[in-house]
Amino acid sequence: LARVEQFLPEEVGDLDLVAAVSQEMPGEIRDTESYRAERALSRLGFAEEQQRLKVCQLSGGQQNRLLLARALVGEPDVLLLDEPSNHMDLATLALLERLLTDGSCPAFLLVSHDRALLDAVTERTLVLRDGCCYDFALPFSPARQALLERDIAARAARADEEKKIAVLRASARRLAVWGRVYDNEKLARKAKNMEKRAARLELARTFVSRGSGLDLSISTSEARSRQLLTVEGLDVRPPGADHPLLYRVEDLVIRPGDRVALLGANGSGKTSLLTALMAASGDPTGEQIRFSPQAVVGYYDQELKTVSPQQKTETMAGYLRRTSPASDREIVLGLVHAGFPHQEH
């Protein structure tokens, strides 16, 4: 059994890739069978010269490939994958797809929000919802359609059942009134029996899902500036003074309502640009990167790199109270809206 970790352990940062993969092999064969680590890395698209890089030099997508190599080096029978496609560029995603559909790939359980990947590599889908597990012998898209059809049928059945219950209760009330008015014990007894039947039907009603309850809406109605972000003549490099120039941003403007995709191969500098933008967001005097004074910048830090180890021990509500201007009520409502129950705040 092998599990693909979501994040690399901090202690492997200064190791080269071969050593980082060999770490997952039994100690007695690490030195004599290092070729297994090299083979796993090659299988994941790392060229021979890349295998001597340090882990800390890798991009997010390259780190994900390294996580896969660490899991595969032990030649497992079952592979557990938790969001393996995060940060991957299109070429690496294609490599992952080939790996998971290769006849030599072990059985696997895959957690992912990448619908195209799920459709391409799986033949069975488990959906966790309503406190239970729905099992479909189908890839993701057909399974999603089957679940939708099940929900539609359940709502129709529930509506029909509610009508029958309402008719029974109305008849029971009418008979009960007649029983009292005419002092008719038989009518009164029949009314009670009908009420009991309605109660049994109510208990046996078809279950109707509430869905996930999650929703996300982003409003730009209050954005008054015509230019939220301006970037001019910015040299983008990885963090650290000695790293070479990756590329230069001559002119970039983002206005209210813009939806901009930043694409590039793993290691091309996508995260480096976001890091530079975030670092400049608190400096109104910047020359190369300028945010509008009216702009409020939000940063989706997928790996929580901006959160210190001490901060990671805080509660979610405590962290947000200290780092955001929101009120306690806004923080609680925001966490609930994002799907976190009160007891986890």
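Residues are numbered from 1 along each chain as its sequence is written. Because the model is predicted, local features need pLDDT of at least 70 and side-chain atom pairs count only at pLDDT 80 or more, while totals for chains, interfaces and linings use all residues.

Select S112, L126, V127, L128 and F140, which lie nearest the centre of this pocket among its 30 lining residues. A pocket here is an open set of points on a 1 Å grid over the protein atoms alone, where a 1.4 Å probe fits, with protein on both sides within 12 Å along at least five of seven lines, and lining residues have an atom within 4 Å of a point. Next, colour β3 (107–111), α5 (115–121), β4 (125–129) and α6 (140–181), the elements that give two or more residues to the lining; helices (H or I, at least four residues) and strands (E, at least two) are DSSP runs, numbered from the N terminus. The largest share, six residues, comes from α6.

Now move to the open sheet, whose three strands are ordered β7-β6-β8 with antiparallel pairing, two strands being paired if DSSP finds at least two bridges between them. β7 (247–254) and β8 (289–291) stand at the edges with a single partner strand each, so one side of each is left without a neighbour in the sheet. Finally, select β6 (residues 229–236), which seven bridges join to β7, and find L229, whose bridge partner in β7 is I254.

Notes: Heavy atoms only, no water.
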